[in-house]
Amino acid sequence: MADYKEIVGAYKEVPGGLIEAYHALQREFNYIPEEAVEEAAQIFDIPKAKAYGVATFYSYFKVGKRGKYIIRICESAPCHIAGAAQVVSALEKELGIKMGETTADGLFTLEFTECVGQCQATPVITINSKPYEDLTPDKINAILAEYK
Amino acid sequence: MAEEMRILMRNYGKIDPLNIDDYINAGGYKGLEKARAMSQKDLIAEVQKSGLRGRGGAGFNAGMKWGFSYNTPADQKYVVCNADEGEPGTYKDRLIMENDPQSVLEGMAVCGYAIGSNKGYIYCRGEYPYVVEKLNTAIEQAKAKGVLGDFDIEVRMGAGAYVCGEESALIESIEGHRGEPRFKPPFPPVTGLWGKPTIVNNVETFANIPLILEKGADWFAGIGAKSYPGTKLMTLTGDVANRTFIEVPTDTTIRQVIFDFGGGIPGGKKFKAVQIGGTSGGFIPESLLDTAIDFDSMGAIGATLGSGAVFVMDESRDVVDVINQITKFFEHESCGKCSPCREGTKRMHEMVKYIYSGRGTAADLDLLERLGTVMSKACLCGLGQAAPSPVLTTLQHFKADYTAKFN
């Protein structure tokens with residue numbers, strides 16, 4: 001596993017590099033380790049509160065562990081009227097977790113998201129940012145099988 | 001039957017977007033060449049004369065905006081491309097960036113020359129990592145070809161914050177901070193990124209620039225509506241037969257968009273409402289469908305053109321159910337900096353939920369309207385000012401849906 005000090009340090013001289021550093025951490029770990037936030041505060045010479053403030057402002061950043069595959073379900077109006085709620089129920093049932101939770105094996109996390117910009121075929125979910133379109137509850141099993 | 005007019009999408013499906021030679025062979029980078037042969041002043045005057053207005057939603061004359069930065073002396077200036085399209089139901093900037101990324105880079109380089117900037121940023125939303133990759137490839141190719149000259153472009157990725165579509169919040173985010181809007185004035189063209197003069201334009205605005213230069217301001221000014229010329233890229237979602245994108249002149253009517261291009265309402269159902277411009281747009285009833293889509297005509301009916309998202313609802317849809325979802329969205333996306341928005345979006349969702357559950361009365365609708373009116377005037381930025389618009393326009397045009405909930 002890569003060293004988060006090294007990852008964050010690479011962005012020290014980049015103007016506005018804190019957010020870039022957080023992106024780099026998430027590319028490596030899929031989340032931002034708590035210690036990495038404190039490390040970032042030191043490296044960028046800012047208060048810890050500010051480093052946390054930035055990390056927790058953006059909904060794609062998550063401080064603390066989450067699953068290997070992040071399933072995001074859009075709940076904006078076009079997906080909502082196309083049946084996003086039924087897709088949510090099917091995912092929760094299939095994975096045995098509620099929205100916002102991670103499966104016990106650490107594989108899947110369920111998160112709500114806003115529009116992912118694939119509205120030509122609603123409802124839409126993304127798995128680690130890869131979009132799956134025109135979803136219905138009966139398509140869920142086959143999609144999840146790709147990741148198991 | 002009205003016809004599409006593909007200016008922005010002229011290369012769609014015809015070139016390999018990730019091969020710069022295709023773009024150049026199709027006439028690409030001629031606009032930039034022409035721009036660089038002009039004086040900065042003449043160039044800005046040309047863009048201003050074309051009448052091109054910002055395609056991100058605010059509709060400000062692009063050339064005039066560039067003039068503000070040109071007239072502000074500074075040791076460094078910036079060009080920022082707003083690719084943070086977050087309005088639900090919108091994917092037009094993604095279409096442009098995926099299918100013709102060089103047109104965006106060329107537009108930015110023209111702006112850089114006009115205002116005297118050698119550094120550009122594209123702020124692309126975090127939902128589009130695959131677009132970021134394509135942009136980076138396009139930038140590498142442009143650099144290798146040397147077409148951008150000394151103008152450098154860097155891509156920065158957002159991380160899922162709707163408010164960062166607001167230009168000063170976007171600037172804060174590039175600087176590595178929480179994406180909270182700034183107090184204005186000063187405006188970004190004078191004091192923007194790292195305190196320097198900065199032009200923030202939308203992807204679609206920049207993509208219009210190359211052809212305006214190649215074909216001339218008068219050509220562009222003659223297309224579509226006089227006060228908001230050109231074409232608009234629209235994305236059709238919801239209860240419409242063709243859930244697709246279209247590019248049409250700005251004097252096209254809403255009815256043409258939905259029924260001619262969209263193919264009408266599927267399943268033999270009747271039209272009920274359309275929300276244009278994204279989730280902050282107003283709801284439009286059948287009686288106003290003959291309005292043209294241009295910025296000013298839409299404003300005159302209390303609606304917006306906004307991002308160009310067209311969300312159609314048929315007669316079976318419950319407006320209050322949709323509004324409940326929309327107010328939930330704004331409660332979540334409010335950045336919390338100003339209290340009218342932080343508290344207002346929360347209370348607004350609470351009140352709509354209450355009415356939706358059947359416990360509301362006529363007095364609640366009055367309160368909802370009052371809260372919305374206050375927010376539209378008191379909130380710090382466009383997010384909070386526009387957030388009540390779906391509520392206010394549905395109270396105006398679809399009140400029966402609300403009163404039907406009363407027990």
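Trainee: Where does A:Asn30 lie in chain A?

Mentor: A:Asn30 is in the loop between helix H2 (17-29) and helix H3 (34-43) of chain A. A helix here is a DSSP run of H or I with at least four residues, a strand is a run of E with at least two, and numbering starts from the N terminus. Keep in mind that this is a predicted model: local features need pLDDT of at least 70, side-chain atom pairs count only at pLDDT 80 or more, and totals for chains, interfaces and linings use all residues. Residues are numbered from 1 along each chain as its sequence is written, while chains are lettered from A and ligands numbered from 1 in the order in which they are written.

Trainee: Why is A:Asn30 called partly exposed?

Mentor: A residue is buried if 20 or more other C-beta atoms, placed from the backbone, lie within 10 Å of its own, exposed if 12 or fewer do, and partly exposed in between. A:Asn30 has 16 C-beta neighbours inside 10 Å, so it counts as partly exposed.

Trainee: What is its phi, and what makes that value worth a remark?

Mentor: The phi of A:Asn30 is positive, about 80 degrees, although the residue is not a glycine. Most residues other than glycine have a negative phi, and most peptide bonds are trans.

Trainee: How do you know whether B:Tyr29 is buried or exposed?

Mentor: Count again: B:Tyr29 has 21 C-beta neighbours inside 10 Å, and therefore it counts as buried. B:Tyr29 also has a positive phi, near 70 degrees, and lies in the loop between helix H1 (20-25) and helix H2 (30-36) of chain B.

Trainee: Which residues does a cis peptide bond join in chain A?

Mentor: In chain A the bond joins A:Thr122 and A:Pro123, with omega about -5 degrees. A:Pro123 belongs to the loop between strand E2 (108-113) and strand E3 (125-127) of chain A. Chain B has a cis bond between B:Lys184 and B:Pro185, where omega is about -5 degrees. B:Pro185 is found in the loop between H8 and strand E4 (198-202) of chain B.

Trainee: What is A:Phe112 in contact with, beyond its neighbours within four places in sequence?

Mentor: Its partners are A:Ile73, A:Glu75 and A:Met99. Contact means that the C-beta atoms of two residues, placed from the backbone, lie within 7 Å. A:Phe112 is in strand E2 of chain A, and it counts as partly exposed because it has 16 C-beta neighbours inside 10 Å.

Trainee: What does chain A look like as a whole?

Mentor: Chain A has seven helices and four strands, and its C-alpha trace spans about 50 × 30 × 20 Å along the principal axes. Of its 148 residues, 38% are buried. The chain is divided into domain 1 (4-57) and domain 2 (69-145), with bounds from an automatic or database domain assignment. The C-alpha centres of these two domains of chain A lie 28 Å apart.

Trainee: Why are E3 and E4 of chain B said to stand at the edges?

Mentor: Four strands of chain B form an open sheet in the order E3-E2-E1-E4, with parallel pairing. Strand E3 (152-157) and E4 of chain B each have a single partner strand, so one side of each is left without a neighbour in the sheet. From one strand to the next, the twist averages 20 degrees.

Trainee: What makes strand E2 (residues 119-124) of chain B a partner of E3(B)?

Mentor: Two strands pair if DSSP finds at least two bridges between them. E2(B) and E3(B) pair in the parallel sense over six bridges. One bridge links B:Tyr121 with B:Glu154 in E3(B).

Trainee: How many residues of each chain are in contact across the two chains?

Mentor: 37 residues of chain B are in contact with 28 residues of chain A. On the chain B side, H13(B) gives the largest share, five residues. By class, that side has 14 nonpolar, 15 polar and eight charged residues. Ala, Val, Leu, Ile, Met, Phe, Trp, Tyr, Cys and Pro count as nonpolar, Asp, Glu, Lys and Arg as charged, and the others, Gly among them, as polar.

Trainee: What confidence does the predictor give chain B?

Mentor: The mean pLDDT of chain B is 97, and 100% of its residues reach 70 or more; pLDDT is the predictor's confidence in each residue, from 0 to 100. For the complex, the predictor gives an ipTM of 0.96 and a pTM of 0.97.

Note on methods:
Axes fitted to C-alpha atoms, helices over the stretch in contact; angles between N-to-C directions.
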